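Dear colleague,

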Amino acid sequence: MASRRWFIVIVGFSAILHAVAIYRTLVPAQDGLKFLRVARDFQSKPWADVIRGSDQHPLYPALIAAVEPPLSVVMGSGPETWRIAAQGVSALASLILLFPLYRLARSLFDERIGLIAVLIYVLLPIPAEVGRDTLGNALGLCCMTLSLWLGARAIREAAWLPALGSGLVGGVGFLARPEVILAPVAIGLAWAIHAARGRSIRSLITTPALPALGVGALVCVGAYALVKGEVSEKLAIRYGASIGSQKIMHRATPQLLPEGLDGAKLDFSPKEESDRSTMRGPVKTLVWIGRQWWDELCWGFAVMAIWGLTRQRFILSLRGDRDERDSGTVERLVIGVFVAVYLAVLVRHGTALGYLSSRHLLPLVVVSVVWAAAGTFVCLHRLGGKLTIRPETKRLALITASTFVVGVMVVYQLRTSHQSRWGHWAAGRWLAENAQAGQEVLDTRGWARFVSDNAGGYDYWHVRQALSDQRLSYVVVGHDELEVESPRSRTLGALLAFAATPIQDFPVRIGGRNVGARIYRFQQPASWEGFSP
């Protein structure tokens, strides 16, 4: 009963952190702008056409589209309502994730370690930031964790109902993030290994539970593929399944540049190339994964995770129920197989495409916090046994140290969110007040146009159309985009110098660099003759 109360306190604490961070957010994540655009389309177009016309999996934007109308009754319609609706969906998914995470940790160890695991996950900065951003990762992680917990329960009980639930949750999670489908795959493999260990292969073949797992997952994936016409547009899925890249579609009407620009050697890359070194080979990919995992667990909890895994038998021996020391065997098998499968996919992805994102490591972080909690628990237990002080003093020291750690993590987590985006937010407010109807905006990042609620205009993926549009009146660009040495930057700077005039500046200084935004007034030239980048 006490553990339930503490769990509710931790969930409430997490909800407060999410609410404060959402209040302090200025603009969505840049990738989140895609989800918001798709969500708006869900409210105005046939849903099947939206799914076919988007390269994003549909569950997250569909939920945003469902949440926005009731929220707009309270807040009014506008970009802020859309942003909060998107962040609210992510935050709610992050809170729901804590339930299966606690259940998994409790099954593996006990209630105390379950509570510590939940608290650690709530405090970790990167999972918290992603968990309330305008991205589909939190929803995918929630479905993944729930699928693993239900799958372990299905194996332990040999029951078809939790197996069906695990498959369905994994399939639904695929509609948010494609990698979630690896959870049912890992559960199926773990089930086969569990049956082989117990020499009960025949029971595995005859049980309806394993087919229920597969049917639950394939129903969702198949329905999406039926509407979409393919399993996924995501390169990670296509390369992982050896489908290959998509067929290049040639437009019937080519995107021509205005005369005078078509012959120049211009770089219209949608965004600046990252300076991150390309991964070459599985070894370098594994090294990157290890370093990123270490960083996302804030070093100290990574050490605790390794220690918890090393001292697992001793931690289990601390439980009073020695007859149940083998409890959690199924959960350990399921998580172990999932980690192996997921790592294999990550290595293939990183080797084939040459890059990985920090968000790709979040599933490994989720399962790692269970052992980080176990390592933390055993360290505190051993330290308490060596301190020859009164129990009241030990309790006070534990409360003081815990409060200090929580305080430091919270302050770091709630530092000014996305301060570098303030210039783009201010530029959007300026456009909302000054741009007239029919005046189109070219926004290289998309944030200013979102804040201004300008339905027209262009992002930099459509710069050719923008330069051909006689209504183009403003260009919003980041200072850092113009100051970097690159072909893209030189092209952008030359275009602005030839046909635009700076009219408003919104500087933001971080680390001695100006990462703010600038608004240019664009005058469509009668001719681009003589232009040179």
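**Enclosed spaces**

In this model, which is a predicted one, the count of cavities of 30 Å³ or more comes to three.

The largest cavity holds about 80 Å³ of space, and its lining is made up of Ser14, Leu17, His18, Ser94, Leu95, Leu98, Tyr121, Val122, Pro127, Ala128, Arg132 and Gln413. Four elements each supply at least two residues of that lining, namely helix 1, helix 5 (79–108), helix 6 and helix 7 (125–131). Sorted by class, the residues around the largest cavity are seven nonpolar, four polar and one charged.

The second largest cavity has about 70 Å³ of space, and around it stand Asn137, Gly140, Leu141, Met144, Arg177, Glu179, Val180, Tyr342, Arg359, Leu362 and Pro363. Two or more of these lining residues are given by helix 8 (137–157) and by helix 18, and the largest share, four residues, comes from helix 8. The lining of the second largest cavity divides into six nonpolar, two polar and three charged residues.

**The second largest pocket**

Turning to open spaces, the second largest pocket contains about 1,600 Å³. Its lining consists of 38 residues, and those that lie nearest the centre of the pocket are Ile116, Leu380, Leu398, Ile399 and Ser402. The elements that contribute two or more residues to this lining are helix 1 (2–24), helix 6 (111–123), helix 15 (300–310), helix 18 (362–386) and helix 19 (391–413). Of the elements that line the second largest pocket, helix 19 gives the most, with 12 residues. By class, the lining of this pocket has 26 nonpolar, eight polar and four charged residues.

Helix 15 has a set of buried residues, Phe301, Ala302, Met304, Ala305 and Gly308. These residues are placed on the same side of helix 15, because the arc they cover around the axis is only 160 degrees. As background, an α-helix has 3.6 residues a turn, so residues three or four places apart point the same way.

Is tyrosine 412 buried, exposed or partly exposed? Tyrosine 412, which lies in helix 19, has a relative accessible area of 46% and is therefore partly exposed, as that class runs between 20% and 50%. Tyrosine 412 and leucine 124 are 288 residues apart in sequence, and their C-alpha atoms are 9.6 Å apart in space.

Histidine 349, by contrast, is buried, with a relative accessible area of 8%. Histidine 349 belongs to helix 17 (residues 329–353), and its side chain reaches the backbone oxygen of tyrosine 355 at 3.2 Å.

**Two residues with a positive phi**

Most residues other than glycine have a negative phi, and the following two may be worth a look on your screen. Alanine 158, although it is not a glycine, has a positive phi of about 50 degrees. Alanine 158 sits in the loop between helix 8 and helix 9 (160–174), where its relative accessible area of 52% makes it exposed. Cysteine 298 also has a positive phi, near 55 degrees, and is likewise a residue other than glycine. The place of cysteine 298 is in the loop between helix 14 (282–296) and helix 15, and with a relative accessible area of 26% cysteine 298 is partly exposed.

With best wishes

Terms used
Residues are numbered from 1 along each chain as its sequence is written. Side-chain values use heavy atoms; hydrogens and water are left out. On a 1 Å grid over the protein atoms alone, a cavity is a set of points where a 1.4 Å probe fits but cannot get out, and a pocket is an open set with protein on both sides within 12 Å along at least five of seven lines; lining residues have an atom within 4 Å of a point. Grid points are joined across faces, edges and corners, and a volume is the space filled by probe spheres set on the points. Ala, Val, Leu, Ile, Met, Phe, Trp, Tyr, Cys and Pro count as nonpolar, Asp, Glu, Lys and Arg as charged, and the others, Gly among them, as polar. Buried means under 20% relative accessible area, exposed over 50%, partly exposed in between (1.4 Å probe, protein chains only). A polar contact is a pair of N or O atoms within 3.5 Å; within protein, one must be able to donate a hydrogen and the other to accept it, and residues adjacent in sequence count only if both atoms are side-chain atoms. The arc is that of the directions from the helix axis to the C-beta atoms.
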